[in-house]
Amino acid sequence: MPDLLPALPEIFVLTLACAVLLVEAYTKNGYWSYALTQLTLLGAAVLTVFTTSADTVYAFNGLFVDDLMGDVLKLMTYLAAIVSVVYSRTYLTDRGMFRGEYFALLLFAVLGMMVMISAAHFLSLYLGLELLSLSLYAMVALQRDSKVATEAAMKYFVLGALASGLLLYGMSLIYGLTGSLHLAEVAATVDFRNQTVLAFGLVFLLAGLGFKLGAAPFHMWVPDIYHGAPTAVTLFLGSVPKLAAFAFVMRLLVDGLHPAVGDWQQMLAVMAVVSLVVGNLAAIVQTNIKRMLAYSTIAHMGFLLLGVLSGSYAGYSAAMFYVVTYVLMSLGAFGMVVYLSRGGFEAERVDDFRGLNATHPWLAAVMAMMMLSMAGLPPFLGFYAKLTVLQALVGAGWLWLAVVAVLMSLIGAYYYLRVVKVMYFDAPHAEPLVPATAAGDVRALLSLNGAAVLLLGILPQPLITLCAYAIQASFR
Amino acid sequence: MLENYFPVLLFILVGLAIGVIPMLAGWLLAPSRPDSEKLSPYECGFEAFEDARMKFDVRYYLVAILFILFDLEIAFLFPWAVVLGEIGLFGFVSMVIFLAILVVGFAYEWMKGALEWE
């Protein structure tokens with residue numbers, strides 16, 4: 001019998017996700033599911049904290065690994081999921097989506113992310129990815145009377161299936177090369193005499209990975225899905241899965257294919273540069289804030305890849321710090337879009353934020369903090385995230401990439417600052433933007449989110465140290 | 001290593017040939033004297049009753065999907081039953097957990113009314 005203890009949080013989430021389905025079926029009352037979801041995520045956090053150790057433990061015949069990086073990322077996943085659920089409560093209630101299905105799908109998505117984060121085998125990696133993707137497709141399509149949402153879900157599904165196909169083909173080529181699906185064994189037996197097959201496998205793996213991350217040139221789906229999905233779902237799928245996507249990259253490329261680092265570095269460099277250019281330039285012309293944030297995500301994923309491609313501990317921990325930072329910022333930014341939407345009205349154009357400072361100075365301040373942080377201005381958290389990545393990049397000798405990244409960040413600052421300008425210097429709408437039901441806990445959590453971005457920006461060292469320690473402990 | 005795929009390529013080519021050659025042969029060798037009666041569509045000797053592309057009730061689709069879900073689990077149960085003696089209590093409990101998860105789905109679809117036709 002396998003040792004079940006390392007996977008205790010996963011088993012817990014699975015059990016409770018099934019329970020949420022049953023609760024929905026028998027009570028048909030969204031509040032029970034909501035409460036149970038929050039309890040599940042909190043319980044999983046407690047279990048993860050109690051089973052944490054600095055040692056790496058393998059379970060289920062090497063399919064599953066429990067290490068420090070995984071534990072930290074899982075804790076962040078629970079936290080981000082809890083925050084996104086609280087933010088979206090009013091939005092979901094207004095649109096009749098406040099039902100058990102939403103929460104059950106969300107929990108299954110979280111379970112998929114946990115499996116991805118803890119995968120030590122191609123199969124478990126793929127299994128987690130599919131569980132996550134299938135739940136997300138259904139969540140995007142949840143508002144089934146909305147034409148845009150259904151179209152987005154269809155696009156997401158078709159492109160997601162294509163990406164999975166590419167990924168699987170890459171995995172099968174690597175399997176043909178090494179004779180093993182265990183990432184550790186793959187790393188030990190990668191055969192460099194067969195350079196063609198290795199390159200082929202890597203190209204397919206990275207193409208699939210690029211699709212899932214939303215890195216250019218595989219980014220076409222990102223703006224459409226972010227735009228078309230109900231904003232509460234955009235909030236979830238635009239932030240939380242990025243943590244798992246980072247883990248996915250690390251498991252695949254560093255755990256599994258580290259000997260081929262020279263090969264994948266080049267490919268990642270191309271993807272990162274294209275992402276930075278496309279993301280930042282295309283975001284400038286967007287008038288829809290969801291689309292703008294989608295393009296900004298593409299640019300941020302480029303930055304994430306820059307950290308990974310440095311190929312050093314410093315680079316990996318910088319990338320991990322970056323992804324945690326990004327999740328905090330995107331939760332705040334999308335949370336604000338969700339907050340300003342009310343029954344039947346979506347605050348999704350940049351124009352809808354006009355003069356927010358005059359009517360809601362505090363909300364405007366939080367949004368401004370998110371935007372400035374995403375632009376990478378000190379003293380906000382986003383500045384240190386970009387700084388650590390650039391330091392690692394220069395340390396690894398990729399000076400030209402660092403120059404490109406800085407130039408593109410400068411261009412990117414334009415569209416973030418435009419939102420700030422619209423909020424502070426333009427006259428407000430005649431009809432003020434006030435959410436119909438402004439719940440106290442949502443306001444408090446949004447404020448906390450803003451405070452976290454500011455305070456962690458002033459004192460970033462603990463978070464940076466934590467990421468560096470987790471990476472050191474997990475990848476020896 | 002890529003030469004290992006040669007049989008696959010060969011298989012595709014032969015498969016294509018087997019599909020294409022009879023059609024070509026029929027087209028080239030058969031006598032062809034069409035008239036308007038021969039070319040008009042018919043259904044069991046009569047004029048066609050309605051368009052072949054008719055709409056199905058979406059409920060058939062739902063029932064088909066649910067059937068496949070519960071039918072496929074049999075593919076899992078048979079091999080399990082054959083080796084049950086060897087895999088012992090652990091194998092037994094694993095299957096019970098799998099079936100329990102399936103029952104959750106069943107209870108959900110039942111309560112949601114997916115099994116009711118009207």
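1. Which domains does the domain assignment give for chain B? Two entries come back: domain 1 covers 2-47, and domain 2 covers 58-111. Keep in mind that this is a predicted model. The C-alpha centres of domain 1 of chain B and domain 2 of chain B are 42 Å apart.

2. Next, the secondary structure of chain B. The chain has four helices and two strands. Read from the N terminus, the order is α-α-β-β-α-α. The radius of gyration of chain B is 26 Å, whereas the globule rule gives 13 Å for 118 residues, so chain B is more spread out than a compact globule.

3. The extent and burial of chain B come next. Along the principal axes, its C-alpha trace spans about 70 × 55 × 25 Å. How much of chain B counts as buried? The share is 0% of its 118 residues. A residue is counted as buried when 20 or more other C-beta atoms lie within 10 Å of its own C-beta.

4. Now the contact between the chains. Eight residues of chain B touch nine residues of chain A. On the chain B side, seven of these residues are nonpolar and one is charged; none is polar.

5. Chain A has its own set of elements. It contains 20 helices and two strands. Its radius of gyration is 21 Å. For 476 residues, a compact globule would be near 23 Å, so the value for chain A agrees with that expectation. The C-alpha atoms of chain A fill a box of roughly 70 × 55 × 40 Å along the principal axes.

6. Burial and contacts in chain A. Of the 476 residues in chain A, 57% are buried. Take the contacts in chain A between residues at least 6 apart in sequence: 80% of them join residues at least 24 apart.

7. The largest nonpolar core holds 186 residues. Which of them touch the most other members? They are A:Leu107, A:Met116 and A:Val140. Helix 14 of chain A, residues 313-340, gives this core its largest share, with 20 residues.

8. Chain B is more spread out than a compact globule, and 0% of its residues count as buried.

How values were computed: Residues are numbered from 1 along each chain as its sequence is written. Chains are lettered from A and ligands numbered from 1 in the order in which they are written. This is a predicted model: local features need pLDDT of at least 70, side-chain atom pairs count only at pLDDT 80 or more; totals for chains, interfaces and linings use all residues. Two residues are in contact if their C-beta atoms, placed from the backbone, lie within 7 Å. Ala, Val, Leu, Ile, Met, Phe, Trp, Tyr, Cys and Pro count as nonpolar, Asp, Glu, Lys and Arg as charged, and the others, Gly among them, as polar. The radius of gyration is taken over C-alpha atoms; the globule rule is 2.2 Å times the number of residues to the power 0.38. A residue is buried if 20 or more other C-beta atoms lie within 10 Å of its own, exposed if 12 or fewer, and partly exposed in between; C-beta atoms are placed from the backbone. A nonpolar core is a set of buried Ala, Val, Leu, Ile, Met, Phe, Trp, Tyr and Cys residues joined through C-beta atoms within 7 Å. Domain bounds come from an automatic or database domain assignment.
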